[in-house]
Amino acid sequence: AEGAEGSEVFEGGACVLDQAKLDEAVEYISTGAATSNFTMGIWNLLPGAAHPRNLTGCPFLGSFEFSLLFGIDVCEVGFYLSLRNICPNSCLCSAGMSECPLDC
């Protein structure tokens, strides 16, 4: 995956963004640059900042770091369609859970 170490974003599991990085995060998310990167296989939490645990794909999207920065839990059922059907392992699906594949 492209990007620098994620330690500039997270330290000891806590988000450590200064104002400049926070502004960068807002722009990265609000302009659609993040989504564009994901579709190209670039799994950065911020421009140049890889996931601190080097996650990609479903594990990246289901991580607490992604949820914290992007303000969304892609595995949560509710206002929008979750990624449970696409990412059942990352969303910890089990039999009978809403929006999970039937064969969980």
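The link between Cys58 and Cys87 is left-handed, with -65° about the S-S bond, and it is a disulfide, a term used here for a pair of cysteine sulfur atoms within 2.5 Å. In this pair the sulfur atoms lie 2.0 Å apart. Cys58 sits in helix 3 (residues 57–61), whereas Cys87 belongs to the segment after helix 4 (64–70), so that the bond links distant parts of the chain, 29 residues apart; helices here are DSSP runs of H or I with at least four residues, strands are runs of E with at least two, and both are numbered from the N terminus.

The model is a predicted one, in which local features need pLDDT of at least 70 and side-chain atom pairs count only at pLDDT 80 or more, although totals for chains, interfaces and linings use all residues. Residues are numbered from 1 along each chain as its sequence is written, and side-chain values use heavy atoms, with hydrogens and water left out.

By the distance rule for sulfur atoms, the protein has three disulfides. In general terms, a disulfide is a covalent bond between the sulfur atoms of two cysteines. Another of them joins Cys75 to Cys91, again with 2.0 Å from S to S, and because the torsion about its S-S bond is about -70°, this disulfide is left-handed. Both Cys75 and Cys91 lie in the segment after helix 4, 16 residues apart, and the pair is counted as linking distant parts of the chain. Both of these cysteines are buried. There is also a disulfide between Cys93 and Cys100, with an S to S distance of 2.0 Å; its torsion of -80° about the S-S bond makes the link left-handed, and both of its cysteines are buried. When the bonded cysteines of the protein are numbered in sequence order, the pairing reads 1-3, 2-4, 5-6.

Which elements make up the rest of the fold, and in what order do they run from the N terminus on? The protein contains four helices and four strands, and these elements follow one another as β-β-α-α-β-β-α-α. Of the 104 residues in the protein, 34% are buried. The accessible surface, calculated by the Shrake-Rupley method with a 1.4 Å probe, comes to about 6100 Å², of which 57% belongs to carbon and sulfur atoms. Where contact means heavy atoms within 4.5 Å, 33% of the contacts between residues at least 6 apart in sequence join residues at least 24 apart.

With 12 residues, helix 1 reaches 16 Å from its first C-alpha to its last, close to the 16 Å expected at 1.5 Å a residue, the expected span being 1.5 Å times one less than the number of residues. Within helix 1, Lys21, Ala25 and Tyr28 are buried. These three residues are on the same side of helix 1 because they cover an arc of only 65° around the axis, the arc being that of the directions from the helix axis to the C-beta atoms. On the other side of helix 1, the exposed residues are Gln19, Ala20, Val26, Glu27 and Ser30. The cover over the buried residues of helix 1 includes helix 2, strand 3 (44–46) and helix 4. Just after helix 1, Gly32 takes a positive phi of about 85°.

Aromatic rings form a further theme, with seven aromatic pairs in the count. Rings of Phe, Tyr and Trp (its six-membered ring) pair if their centres lie within 6.5 Å, and planes under 30 degrees apart count as stacked, over 60 as edge-to-face and the rest as tilted. The rings of Phe38 and Phe60 have centres 5.2 Å apart and planes at 65°, so this pair is edge-to-face. Because Phe38 lies in helix 2 (residues 33–39) and Phe60 in helix 3, the pair ties together parts that are 22 residues apart in sequence. Phe38 and Phe60 are both buried. Ring pairs also link Phe38, Trp43, Phe60, Phe66 and Phe70 into a cluster.

Technical notes. Buried means under 20% relative accessible area, exposed over 50%, partly exposed in between (1.4 Å probe, protein chains only).
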